[in-house]
Amino acid sequence: MDNFNRSRAQKQAEAEIERLAFYDPLTGLPNRRLLYDRLHQAVVANARAANHGAALFIDLDNFKALNDTKGHNQGDLLLVEVARRLEACVREGDTVARLGGDEFVVILNGLNGDAAQASAQTKMVGGKILAAIGRPYLLHGYEHHCSASMGIGLFRDPDTTVEELLKCIDTALYQAKRNGRNGMQFYDPAMQQALEPKPRWRAICAERWRKTVSYCITSPKSTKTAAPSVPKC
């Protein structure tokens with residue numbers, strides 16, 4: 001009997017270690033570490049089945065205001081309820097994870113092989129999620145209203161990396177917030193180009209900086225040591 005109890009206690013301890021390593025202690029959702037693994041598996045599985053997958057990056061709008069005005073306990077209650085609503089919006093086999101703070105990622109698997117159809121399927125789920133998050137919350141007697149912004153990326157290429165995919169949906173999320181929040185935005189490569197300085201201007205800035213530094217070092221008129229000013233580009 002003692003051996004049985006020890007074995008059961010050991011299994012319970014191992015399960016607890018795994019839970020702490022791979023799951024968010026507040027919401028019970030997969031954490032960042034497990035999310036990376038699930039995303040990698042999704043890329044491989046959907047490519048093998050000639051399906052599309054989708055990653056939805058969800059960020060609660062103005063979450064900091066709730067923490068600042070009502071306290072972190074109310075904020076935690078909201079995060080737990082949002083997690084439950086997200087899980088209710090997806091199918092078995094999909095993933096809802098908490099990336100950290102008020103950020104969540106949803107992975108949709110087995111979408112249509114046609115990109116237009118897959119986009120339509122994803123948009124439908126995204127709309128369902130935004131509507132669910134937008135319903136009122138009762139937090140210890142306090143009624144709270146919340147909205148969210150969402151960045152979306154479709155994937156099918158087996159060579160897509162998790163880092164690339166997360167960068168894409170983060171860029172789309174940023175654009176969704178710039179568009180006024182409480183909405184969704186699919187990733188478009190043009191977004192990333194718009195956020196990055198043009199190569200020509202980077203070269204001009206570098207050349208101006210080199211000339212400024214060179215002048216400060218070699219000018220015989222200079223008697224004081226001073227840092228060169230950053231050129232305006």
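Helices (H or I, at least four residues) and strands (E, at least two) were taken as DSSP runs, numbered from the N terminus. By this definition the protein has eight helices and seven strands. The structure is a predicted model, in which local features need pLDDT of at least 70 and side-chain atom pairs count only at pLDDT 80 or more, whereas totals for chains, interfaces and linings use all residues. Residues are numbered from 1 along each chain as its sequence is written, and side-chain values use heavy atoms, with hydrogens and water left out.

Of the 233 residues in the protein, 35% are buried (under 20% relative accessible area, with exposed meaning over 50% and partly exposed in between; 1.4 Å probe, protein chains only). The protein exposes about 14100 Å², of which carbon and sulfur atoms supply 53% (Shrake-Rupley method with a 1.4 Å probe; for residues, only the protein chains shown count as cover). Among contacts (heavy atoms within 4.5 Å) between residues at least 6 apart in sequence, 65% join residues at least 24 apart.

Leaving aside neighbours within four places in sequence, Leu78 is in contact with Leu60, Phe63, Leu66, Tyr137, Leu139, His144 and Cys146.

Asn31 caps the N-terminal end of H2, with a side-chain oxygen 3.2 Å from the backbone nitrogen of Arg33. Within H2, Leu34, Leu35, Leu39, Ala42, Val43 and Asn46 are buried. The helix is followed by Ala50, whose phi is positive, near 60°.

Leu154 is located in strand S6 and counts as partly exposed because its relative accessibility is 29%. Excluding residues up to four places away in sequence, Leu154 touches His52, Gly53, Ala54, Leu111, Ala115, Ala118, Ser119, Thr122 and Phe186. The C-alpha atoms of Leu154 and Ala115 are separated by 8.1 Å, although these residues are 39 residues apart along the chain.

Notes
Polar contact = N/O pair within 3.5 Å; in protein donor to acceptor, adjacent residues only side chain to side chain.
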